Every structure is written in C-alpha cells, then in structure tokens.
Amino acid sequence: MFNESKHPRAENGRFTDGNGTGKTYRQNTSYSEILAADNKKASANKIVKVDMNTQIQKQLNEAQSPKERQKIAYRYIMDNLCGKYATQDGRTVTISSVGADKITHKDIEVKLRVSPHLADFIKAGELVNVKNVEHKKFVKFAYYKVLFRLGDDTYTGLLNVGIRADGSSTLYDLNPFNKQ
C-alpha cells in the first residue's frame, strides 16, 4: 500500500524522496513506479550476512566427512529453526523437516553454510513468482529471491516455498546460487 508519509510533496506538488536532497519525481509518476523505486532501494538493504565465526560454522569446518556436515546442518535446522516465519508479502512459511531434508540432502557447501540463516532468508526474500505444479505435497511453488553475503562474496539465491491445497506454506529448497 502506498504510504504518503514516505513520499512527501514539494511545493510544486511533485513527490520528493523525503531526504532533503531536492530529488523529485515527475508529476505523472504512478504510485507503482514509486513503490518499485522503494523496493529497489530496500532490496539492497536486505542482504543477509552469514557470520562465519559462529559455533555452527566451526562445527561444519571440523566435520570429518560430507555426511557429517550434512547431519550437522540438518540437526541445526531441526533444533533451532523449526517454526513459522512471515515473508514480506504476508505469507507464513513453516520451516520443518521437509525443507531441512531437501536443503541438506547433498553436500553443497553454500547451502550448508547458509542453513543457519534460513529464517532470515524467508524474512528478507522478495517474491519473484508463484507457479502451479504437479507435486505429491504441493499445488504451487512460490519463489523468493534472496541476497546473501558469504565471506567476501555476495550471492543471489532462490527460496522455493511449497504451497499446499489448504494454503499453508513450507520451505522446500534453496537454489540456485549465483555469485554477484
């Protein structure tokens, strides 16, 4: 919803950025264009930073095998992140064994490293689209773009949220990873 207080008007009636920079939008700028500009600004601030100095990251470093790394990440998700989290578009997404298993099923280092931040990804993700699917558990998949920083590198990922026939949503997977 458009919030007029975030877009005060200058004396000439044009919307301003509200920061005293003197920037105004052309008079026929639509609300959706202004909101889109806000979303671009906001998305830059929604980069999830993965702290590589936490206990879970140390455990992943010390794992003796890929299977052990996978088990550590799975156990962390199940013990610490199971619950419901709100997306920016108002959907409530549950983290459960469905997503934990899918995300930790293979020894993909980036997935395992970011797994402690799945709740942050849900909260920061930007809805890209929703598609009807033929799946044994879900009737639709919603895809959310996430930006995250792992070490010195910034990545783009795609959260895959399964939507059941009753409308409930569950984190299903996190893919692909594109280094910026």
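**Figure 1. Overall view of the protein chain in the predicted model.** Six helices and seven strands make up the secondary structure. Along the sequence, they follow the pattern α-β-α-α-β-β-α-α-α-β-β-β-β. The chain has 180 residues, and 38% of them count as buried. The accessible surface is about 10,500 Å². Carbon and sulfur atoms hold 47% of that surface. Contacts between residues at least 6 apart in sequence were also classed by separation: 48% of them join residues at least 24 apart.

**Figure 2. Close-up of helix α2 against helix α3.** Two packed helices are described by the angle between their axes and the distance between the axes. Helix α2 spans residues 55-62. Its axis lies 8 Å from that of α3, at an angle of about 160°. Angles over 145 degrees count as roughly antiparallel, so α2 is roughly antiparallel to α3. The crossing of this pair is right-handed. From α2, the contact residues are Ile56, Gln59 and Leu60. They meet Arg69, Ile72, Ala73 and Tyr76 of α3. By class, the residues of this contact are five nonpolar, one polar and one charged.

**Figure 3. Close-up of helix α3 against helix α4.** Helix α3 covers residues 66-80, and helix α4 covers residues 97-104. Their axes come within 9 Å and cross at roughly 160°. That angle makes α3 roughly antiparallel to α4. The crossing of α3 and α4 is right-handed. On the α3 side, the contact uses Gln70, Ala73, Tyr74, Ile77 and Met78. On the α4 side, it uses Ser97, Ala100, Asp101 and Thr104. The contact comprises five nonpolar, three polar and one charged residue.

Figure 4. Which residues of α4 are buried? They are Val98, Gly99, Ala100, Ile103 and Thr104. Their cover includes helix α3, helix α5 (109-114) and helix α6 (118-124). Strand β7 (169-179) is also part of that cover.

Figure 5. Strand β4 runs over residues 126-132 and holds asparagine 129. Is this residue buried or partly exposed? Asparagine 129 is partly exposed, because its relative accessible area is 28% and buried means under 20%. Setting aside residues up to four places away in sequence, asparagine 129 touches Phe141, Ala142 and Tyr143. The C-alpha atoms of asparagine 129 and tyrosine 143 are 5.5 Å apart. In sequence, these two residues are 14 residues apart.

Figure 6. Lysine 140 belongs to strand β5, which spans residues 140-150. Its relative accessible area is 33%, so lysine 140 is partly exposed. Neighbours within four places in sequence are left aside here. Lysine 140 then contacts Val130, Lys131, Asn132 and Val133, among others. Val161, Gly162 and Ile163 are also in contact with lysine 140. Lysine 140 and isoleucine 163 are 23 residues apart in sequence. Their C-alpha atoms are 5.0 Å apart in space.

Notes: Residues are numbered from 1 along each chain as its sequence is written. This is a predicted model: local features need pLDDT of at least 70, side-chain atom pairs count only at pLDDT 80 or more; totals for chains, interfaces and linings use all residues. Side-chain values use heavy atoms; hydrogens and water are left out. Axes are lines fitted to C-alpha atoms, for helices over the stretch in contact, and angles run from 0 to 180 degrees between N-to-C directions. Helices (H or I, at least four residues) and strands (E, at least two) are DSSP runs, numbered from the N terminus. Angles under 35 degrees count as roughly parallel, over 145 as roughly antiparallel, 65 to 115 as roughly perpendicular and the rest as oblique. A crossing is left-handed if the near helix is turned anticlockwise from the far one by less than a right angle, and right-handed if clockwise. Contact means heavy atoms within 4.5 Å. Ala, Val, Leu, Ile, Met, Phe, Trp, Tyr, Cys and Pro count as nonpolar, Asp, Glu, Lys and Arg as charged, and the others, Gly among them, as polar. Buried means under 20% relative accessible area, exposed over 50%, partly exposed in between (1.4 Å probe, protein chains only). Accessible areas come from the Shrake-Rupley method with a 1.4 Å probe; for residues, only the protein chains shown count as cover.
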